[in-house]
Amino acid sequence: MIKIWVNDGQIELNIPYSISNLINTLKLNINGIAFAVNSTVISDSNWVDNFLKDGDKIVVFHAINGG
């Protein structure tokens, strides 16, 4: 069991647990969202392979295109 923080709320999860698993658990719509794990933005191509660790701090935010 690990404890992580998601947007200031703590969650307990069984391991191993990827960002893709977190999306399913939180029932998030993936259109236009992005994830930062410990202040590092994780590319959507790495969501399946990026496994969360005890104490990770995840920020889920809406990505905005701009110039």
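Student: In what order do the five strands of the open sheet stand?
Tutor: Strands here are DSSP runs of E with at least two residues, helices are runs of H or I with at least four, and both are numbered from the N terminus. Two strands pair if DSSP finds at least two bridges between them. The open sheet has five strands with mixed pairing, and the order is β2-β1-β5-β3-β4.

Student: Which strands stand at the edges?
Tutor: An edge strand has a single partner, so one side of it is left without a neighbour in the sheet. That applies to β2 (9-13) and β4 (40-42).

Student: What kind of model is this?
Tutor: Residues are numbered from 1 along each chain as its sequence is written, and side-chain values use heavy atoms, with hydrogens and water left out. Local features need pLDDT of at least 70, side-chain atom pairs count only at pLDDT 80 or more, totals for chains, interfaces and linings use all residues, and the model is predicted.

Student: In what sense do β1 and β5 pair, and in what sense do β3 and β5 pair?
Tutor: Strand β1 (residues 2-6) meets β5 (residues 57-62) over two bridges in the parallel sense. In that pair, V6 stands opposite I58 and W5 opposite K57. The β3 and β5 pair has five bridges, and its sense is antiparallel.

Student: What angle does the direction of helix α1 make with that of β3?
Tutor: Axes are lines fitted to C-alpha atoms, for helices over the stretch in contact, and angles run from 0 to 180 degrees between N-to-C directions. Contact means heavy atoms within 4.5 Å. Helix α1 (residues 19-26) packs on the sheet and touches β1, β2, β3 (33-37), β4 and β5. Its direction and that of β3 make an angle of about 125°.

Student: With which residues is L22 in contact?
Tutor: Neighbours within four places in sequence are left aside. The remaining contacts of L22 are I4, V6, Y17, F35, L52 and I58.

Student: Is F51 buried, exposed or partly exposed?
Tutor: F51 lies in the loop between β4 and β5. Beyond four places in sequence, F51 is in contact with P16, Y17 and S18. Exposed means over 50%, and partly exposed lies between that and the buried limit. F51 has 41% relative accessibility, so it counts as partly exposed.

Student: How many Å apart in space are F51 and P16?
Tutor: In sequence, F51 and P16 are 35 residues apart. In space, C-alpha to C-alpha, the distance is 6.5 Å.

Student: What share of the 67 residues counts as buried?
Tutor: The protein has one helix and five strands, which run β-β-α-β-β-β from the N terminus on. Of its 67 residues, the share that counts as buried is 31%.

Notes:
Buried < 20%, exposed > 50% of the residue type's maximum accessible area, 1.4 Å probe, protein only.
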